[in-house]
Amino acid sequence: MTDPTLLVLASLADGDKHGYAMMDDIERFAGVRLGPGTLYGAITRLEERRWIRGLESDDRRRPYRITGAGREYLVEQVASLGRVVKTARERLNQA
Amino acid sequence: MRRWIGWAAYLYPTEWRRRYGAEFDALLDDASLQWLDLADVVRGALIMRMTTWNSYWKTGAMAAIAGAVLAAAASFAIREQYVAVATVQLVKRPDAGGAPDRVQFERYLRAAESGVLSRDKLIGLIQDPDLDLYREERQHMPLEAIAEEMYRKHVRVFIYPAPGGLPFRISFSDSDPVRAREVVDRLTASFEAQMTREPGDLVLHVLEQPLTPVTPLYPARGSVAIAGGFAGLTIGLLSVLFWRRTRSYPVLLPAETRAFVYSQVGHGGYSSVSDYIRELIRADEQRKSSAHS
């Protein structure tokens, strides 16, 4: 899974994070390093779709939180990916 | 690296920078940046421009600037080449008299050249530990291939017309200016030695000893940046064309609806029909998002 928007949603699923924390988290759990342009492109799109929202912060490092709609979308995508993985695994076992 | 990427971040639209600029800068301060991140930020900025701008020339101009910046940055990865040059002249011995004969001169020169620049002689220079030429190439290329490359790309012997004599130049290009001069010194000495062995009445005079070059011949960073600018312009315009073809949806409207839309654009402070439609979609998204939460 290398879709930056899904990776950002997955990163925010367990709590609020700012940009660098997301980049670091995604690299650890997915083994994918998102460049700054890619990461903020995804953040911009997700915020426009209201799937995440930026929280107020005194620091320059603004944390983001996944919204209800964002969590719902992530659940759908994970279920869909799960079906693909399950099917692939079954077919590999049959072969 | 941080500075280059910081500059590239200015390629983002002003609106975007107003919203995300501070936190984006904070991310750049925290992350350990790589060269690939420069391309990533430029690409991100161009995509953001294409999704927010309506004019082709602005996108093209921004892509041209981005191309020039990237090309200039890439030119620093190219090894600089310095060229040292010696000017020598073939003249008739004083006791021989008469004007130099061009045909005879060229025959002598080619004979000398085939001796001085023979594969064995060049391999001798390449293997000279004092010169340490082509260190990296020697790790993975046969000496014959390096000598061939040296002859084809880096050594030049060329005649140029001048009154009263038949001068020619011997040049060599290398990433190290001192080494470039030393190689030309050696080649000039070899030419002198070779000419003394040739039968005939011509002798070699050195008119200008090679100097250690101060400025590199290439990469010419200005030219590289200009070429990058043109490439960026082309890619930018093609990308925006492609972007619009794949992300625009024709909508058929009856005449009265069209009139209403135009009146909304005119009176509602929207810059275009697209702007108005985007605002309607955003409002719909917001309404549905509020209904979910």
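Biologist: How much area do chain A and chain B bury between them, and what share of it is on carbon and sulfur atoms?

Modeller: In this predicted model, the two chains bury about 2,100 Å², with 51% of that area on carbon and sulfur atoms. On the side of chain A, A:Tyr40, A:Arg50 and A:Arg60 lose the most area to chain B, together 30% of what that side buries.

Biologist: What makes the pair B:Asp29 and A:Arg60 a salt bridge?

Modeller: The closest N and O atoms of B:Asp29 and A:Arg60 are 2.8 Å apart. The criterion asks for a side-chain nitrogen of Lys or Arg within 4 Å of a carboxyl oxygen of Asp or Glu, so the pair qualifies as a salt bridge. The count between chain A and chain B is five salt bridges.

Biologist: Which helix supplies the largest share of the side of chain A that touches chain B?

Modeller: That share, 10 residues, comes from α3(A). The residues of this side of chain A divide into seven nonpolar, seven polar and nine charged.

Biologist: Why are β1 and β4 of chain B called paired strands?

Modeller: Two strands pair if DSSP finds at least two bridges between them. Strand β1 (residues 82-92) and β4(B) have six bridges, in the antiparallel sense, so they meet the criterion.

Biologist: What makes β2 and β4 of chain B edge strands?

Modeller: In the open sheet, ordered β2-β3-β1-β4, β2 (155-159) and β4 (202-208) each pair on one side only. The twist averages 25° from one strand to the next.

How values were computed:
Residues numbered from 1 in each chain as written. Chains lettered and ligands numbered in written order. Predicted model: local features only at pLDDT ≥ 70, side-chain atom pairs only at ≥ 80, totals over all residues. Heavy atoms only, no water. Buried area = accessible area lost by both parts, 1.4 Å probe. Helix = DSSP H or I, 4+ residues; strand = E, 2+ residues; numbered from the N terminus. Nonpolar A, V, L, I, M, F, W, Y, C, P; charged D, E, K, R; others polar. Axes fitted to C-alpha atoms, helices over the stretch in contact; angles between N-to-C directions.
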